[in-house]
Amino acid sequence: MSEDTAAVAAPQSTPVAKESSVAALLASPAGRNTGLVVALVLLCLGGVVTAGDRFADVDNVLTILRLAAVIGVVSVGMTFVITGGGIDLSVGAIVALSSVWATTLATQGIANDTHWIVIVFTALLVGGACGLVNGMLIAYGRVVAFIATLASLAAARGLAEIISNRKTQIVNVPGFAAFFDASVLGVPVLVVIFAVVAVAGWVLLNRTTFGRRTFAVGGNPEAARLAGIDVRRHTVLLYALLGLCCGLAAAMLIARTTTGSATHGGLYELDAIAAVVIGGTLLSGGRGTIAGTVFGVLIFTTLSNVFTLNNLSISAQAVAKGAIIVVAVLLQQRLARRSGA
Amino acid sequence: MQFKRITLLVAASALALTACTGNTPEPQGGGNQSGGVKVANDEPGKKVVIGFSAPAADHGWMAAITNAAKAEATKYSDVELRVVEGTNDVNLQISQVETFINDKVDAIVLLPFDGAALTPVALKAMKAGITVINVDRQFDSPFAARSTVLGDNYGMGVSAGTYVCERLKDKPGSVVAEIAGIDSLPLTQDRSKGFAEALAGCGLKVNNRVAAEFTVESGERAAANLLQAAPKIDALWNHDDDQGVGVTAAIKNSGRSEFFMVGGAGSANVMREIKADNGPHKATVIYPSTQGADGIRLARLAVQGKSLGDLVEVEVPREVQLYAPVVTKDNVDRYLPTAFES
């Protein structure tokens, strides 16, 4: 978890603490991840205690990971946007629109004549284009991100309903579902994709110029501009990247359900933002962690699985989810204050 | 030949007569009367673990589906019901079904948020040897379920239209209005089609039609607009009793009382209104909220290898479509116990 670069690159944060006190360890990104690991382990212990072998079972773990894969890919993209000082409320709607566009009869016709990969490319293209529009509105149109993406949320889902005529579009292209249903060494392809996206996201955020610019833009856009970074162009790229992730998530969801529908991706924006925030990424930007986000996603999906195994209601689960978010944010604020002092 | 057949027939009817009048049970006839089979069906058999999943209970009818299923399961000592509570996220519902498969339950009763989207995982369950009972929203593959329980949307429209015809047959030129549910859904289209076709049978048509969205608030809005648009109405059919709460509110606000109203789905509060005869509702047509409960019963029978009580057939049927009866003041007591609270 050597994400110390996050702290180094963020202009606001203090220089890396030299003393090795417990407080400093907790305040460091590695320390925050330790907290998440502890939370996840506690949750798993809860699962084992209450559900025993039904929880600690390879098939069940794969069930959790498959559930995590779709929302996980969106969350990795969301980490970039939030680290860059933005927010995107339209991700669920973009997933829905991409899934619908990629499963229209026209797209399926082309895919049938050529290759099923056309469906995946269409989803990526639509998602990327939506992200591009969001980014342009925010960076060049100077619309506040919250409002711009709120508008996209309404418009994209509406467009998805128009295109699909509110019907569920079924995929009949051979090979498509078979590819995503397959396993690599016992790991489902969906989970492999999530892992690849997470690793690629980590490298991009922590080991490239693009990542350092993201921290700089999120931490202090004015300083970033004076340092010679094209802040507006970078903002557009961040939203386009998240759009691509949404497109990929749509393709994964199409494979999982063999359908495209305007109802897909309901409230994914909240799930993704929640996972990013409890992972330790600052909502105000400038600090972000992909590993934290992955843990955040796993914590929520494991919670959901433990509740399902124990016959507990979705409503109680929502309350538990809310409590976890509040505790995580309170903890985060304390740590931020301590590292700032 | 002919003569022989007639004598046979006479002999048979004589036999049937004695069978009917005689008090001693006929051993051969008793077999397919299946009164005994029905009792055997309710007797505890092999333990059956059933997983149940339905969409979010954001609507009175949907909440009743899960509640009725739970209540049904507690009636049988040999049924263990595992309920995962409602979700409108297909990704989550799929993982719920995957959990049931991992748990190796005997049967899954599934009301999918989207029939097509849940088909792959239902196929997976069937391949794993689990008896899947599909409720209300159909899968798009016949291999995805052992048996399907359905309501009758077209039949709802027919029942409502036939009732309106009965009451208005002597008044040609009557104005009939309709408040539909979400207009782009196939179920709404089916209901409207049945209604229009039944009305055509007595020379009536839908003069004013508006659509709401199955919510109280949208029902109020649609009804208020409709009452503005139509100064005089003789009969009004509202597709859904949950949105009907809003429709009734709008009617009360307008002070109109020249027409009678027919509800849809069959909520308990509409039935109480029909019974007390103190509101615009004079009838409602049922879309059974006990489909999930019937799914539980079918799942239990199918797993235990029993047949459906009063049928001769030895296997549980592939599809059971429920009837959409008209509830009026005369027969409301019969339906009130199974009505849902909205």
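**Salt bridges, nonpolar cores and a helix crossing**

Arg221(B) has a relative accessible area of 40% and is therefore partly exposed, a class that falls between buried (under 20% relative accessible area) and exposed (over 50%), calculated with a 1.4 Å probe on protein chains only. The model is a predicted one, in which local features need pLDDT of at least 70 and side-chain atom pairs count only at pLDDT 80 or more, while totals for chains, interfaces and linings use all residues. Residues are numbered from 1 along each chain as its sequence is written, chains are lettered from A and ligands numbered from 1 in the order in which they are written, and side-chain values use heavy atoms, leaving out hydrogens and water.

Side chains of opposite charge can pair when their charged atoms come close. With a salt bridge taken as a side-chain nitrogen of Lys or Arg within 4 Å of a carboxyl oxygen of Asp or Glu, the count over all chains comes to 22. One of these joins Arg221(B) to Glu217(B), at 2.9 Å from N to O. Both residues belong to helix H9 (residues 216–229) of chain B and lie 4 residues apart, about one turn of the helix; helices (H or I, at least four residues) and strands (E, at least two) are DSSP runs numbered from the N terminus.

Other pairs reach across the sequence. Asp333(B) and Lys275(B) form a salt bridge whose closest N and O atoms are 3.0 Å apart. This pair links distant parts of the chain, 58 residues apart, with Asp333(B) in helix H13 (residues 332–335) of chain B and Lys275(B) in helix H11 (residues 268–276) of chain B. Lys275(B) counts as partly exposed, at 41% relative accessibility. Arg209(B) pairs with Glu178(B), with 3.5 Å between the closest N and O atoms. Here strand S7 (residues 206–211) of chain B supplies Arg209(B), and strand S6 (residues 176–180) of chain B supplies Glu178(B), 31 residues away. What of their accessibility? Arg209(B) is partly exposed at 36%, whereas Glu178(B) is buried at 1%. A network of salt bridges links Arg54(A) with Lys47(B), Glu80(B), Arg82(B) and Asp103(B).

Attention now turns to the interior. A nonpolar core is a set of buried Ala, Val, Leu, Ile, Met, Phe, Trp, Tyr and Cys residues joined through side-chain atoms within 4.5 Å. The largest has 79 residues, of which Met78(A), Ile119(A), Phe176(A), Phe180(A) and Met252(A) touch the most other members. Helix H13(A) contributes the largest share of this core, 13 residues. Apart from it lies another core of 47 residues, among them Ile50(B), Ala107(B), Ala283(B) and Phe340(B).

Ala299(B), in helix H12 (residues 291–304) of chain B, is buried at 0% relative accessibility. Beyond its neighbours within four places in sequence, Ala299(B) contacts (heavy atoms within 4.5 Å) Ile50(B), Ala107(B), Val109(B) and Ile133(B). Its C-alpha lies 7.5 Å from that of Ile108(B), although 191 residues separate Ala299(B) and Ile108(B) in sequence.

In chain A, the axes of helix H11 (residues 209–219) and helix H13 (residues 231–257) come within 11 Å and cross at roughly 110 degrees. H11(A) is thus roughly perpendicular to H13(A), a term covering 65 to 115 degrees, with angles under 35 called roughly parallel, over 145 roughly antiparallel and the rest oblique. Axes are lines fitted to C-alpha atoms, for helices over the stretch in contact, and angles run from 0 to 180 degrees between N-to-C directions.
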